[in-house]
Amino acid sequence: MGKASQRKKARGTRDHTVPQMYLRHFAQHRARRQYELRARRIDKLDLPFPVMTASIGAEGGFYWGTILDGKAHHACEELFTLLEGQAETVLKTLLDDRDWALTPHWPLAPAPRSALAWWMAAQVLRTTRQRKRLAHLHPPAEADDALPEEIARFAANNPHLNYIVSNIAAMAAALYGRPWGLGFSDMCLLTSDVPVAIWNRPDEEDQLLALAHSDVMLPLDPHRLLFLPNPRQRMHDPSKRTDHLLHVSGALGMALVDVAFDVADEFVVYHPQHDPWEHWSPSGPRQPKPWAGETHSAPEYLMEYPVFQAHLNIESRWTKEHPPRRKAAS
């Protein structure tokens with residue numbers, strides 16, 4: 001492919017910074033290949049709006065880069081597509097059991113666990129928040145005036161793309177080696193353009209170290225999540241040293257929504273029939289964005305939870321239905 005053809009193709013590329021296949025688990029199926037979410041922009045939280053999964057988190061040419069001779073490439077997007085295809089089957093195993101909210105196929109076997117670990121590592125690295133963090137810590141060099149405008153734009157993506165390639169294998173290995181908790185939350189969950197939340201240190205310069213020493217959370221759908229407890233929790237509770245189950249009830253579920261909301265970069269999304277705002281609203285400061293001039297103290301989180309007994313489960317209907325509201329005592 002010649003340079004002109006590459007530039008033309010790249011101009012028409014809408015790269016999704018959050019995988020559509022992931023967002024569909026938070027969406028209502030409207031028609032063939034039509035999945036609707038509710039979204040809120042962080043700067044306009046009081047204006048929720050409907051949006052299709054294909055239309056949210058789409059950035060023109062976000063994952064295009066250049067190689068040494070100036071040719072454009074889309075190698076990172078191709079890698080993400082490969083990882084998504086492998087992870088999609090695993091997510092179906094976790095979320096599509098006809099009878100139970102917490103799949104009986106737990107813990108995962110090594111192959112699906114590895115596929116999901118690689119996919120999660122990609123979600124840590126590929127975000128718009130990650131790119132802004134990197135650009136703030138390591139400002140890009142001045143553009144080469146000799147490069148054509150479009151090639152210069154793709155070259156500006158290179159530091160982020162190089163960071164992804166340099167770190168994804170180590171992050172996947174770190175995630176794979178940790179104990180995983182598969183959980184059900186009574187509270188409706190949301191997700192965002194930062195799907196994997198690294199608790200208390202989402203913007204630490206050493207992201208691998210932060211990932212290894214923090215709680216890590218991935219909302220899976222409106223009522224289920226993966227939770228990787230930090231080393232301190234594992235030290236004090238032997239039952240969390242291996243893969244386990246958890247049931248998050250009451251105010252703890254609201255805390256999970258807080259964490260997911262606090263790390264979002266530009267938007268949050270949720271299922272139209274599972275609106276967290278019916279029981280929850282943001283309070284207190286979010287995780288600061290130094291690149292936007294925010295210098296306030298970061299919120300800190302701590303969650304203690306009992307391990308859900310492996311012989312117990314929750315009916316799958318509660319992933320779609322909500323218990324009736326209790327009537328106030330007369």
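Tutor: The lining of the largest cavity is made up of six nonpolar, four polar and three charged residues. In this classification Ala, Val, Leu, Ile, Met, Phe, Trp, Tyr, Cys and Pro are nonpolar, Asp, Glu, Lys and Arg are charged, and the others, Gly among them, are polar. The model is predicted, so local features need pLDDT of at least 70 and side-chain atom pairs count only at pLDDT 80 or more, while totals for chains, interfaces and linings use all residues. Residues are numbered from 1 along each chain as its sequence is written, and side-chain values use heavy atoms, leaving out hydrogens and water.

A cavity is a set of points, on a 1 Å grid over the protein atoms alone, where a 1.4 Å probe fits but cannot get out; its lining residues have an atom within 4 Å of a point. Grid points are joined across faces, edges and corners, and the volume is the space filled by probe spheres set on the points. Searching the whole structure gives two cavities of 30 Å³ or more.

The largest cavity has a volume of about 110 Å³. Of its 13 lining residues, V124, Q130, V194, P202 and Q207 lie nearest its centre. Helix 4 (110-125), helix 5 (128-137) and strand 10 (197-198) each contribute at least two residues to this lining, and helix 5 gives the most, with three. Helices (H or I, at least four residues) and strands (E, at least two) are DSSP runs numbered from the N terminus.

The second largest cavity has a volume of about 40 Å³. It is lined by L189, L190, M217, P219, L225, L256, V257 and A260. Strand 11 (216-221) and helix 10 are the elements giving two or more residues to this lining, and the largest share, three residues, comes from helix 10. By class, the lining of the second largest cavity has eight nonpolar, no polar and no charged residues.

Helix 10 (residues 251-263) has 13 residues and spans 19 Å from its first C-alpha to its last, close to the expected 18 Å; the expected span is 1.5 Å times one less than the number of residues. Its buried residues are G253, L256, V257, V259, A260, F261, D262 and V263. Buried means under 20% relative accessible area, with over 50% called exposed and partly exposed in between (1.4 Å probe, protein chains only).

Methods: On a 1 Å grid over the protein atoms alone, a cavity is a set of points where a 1.4 Å probe fits but cannot get out, and a pocket is an open set with protein on both sides within 12 Å along at least five of seven lines; lining residues have an atom within 4 Å of a point.
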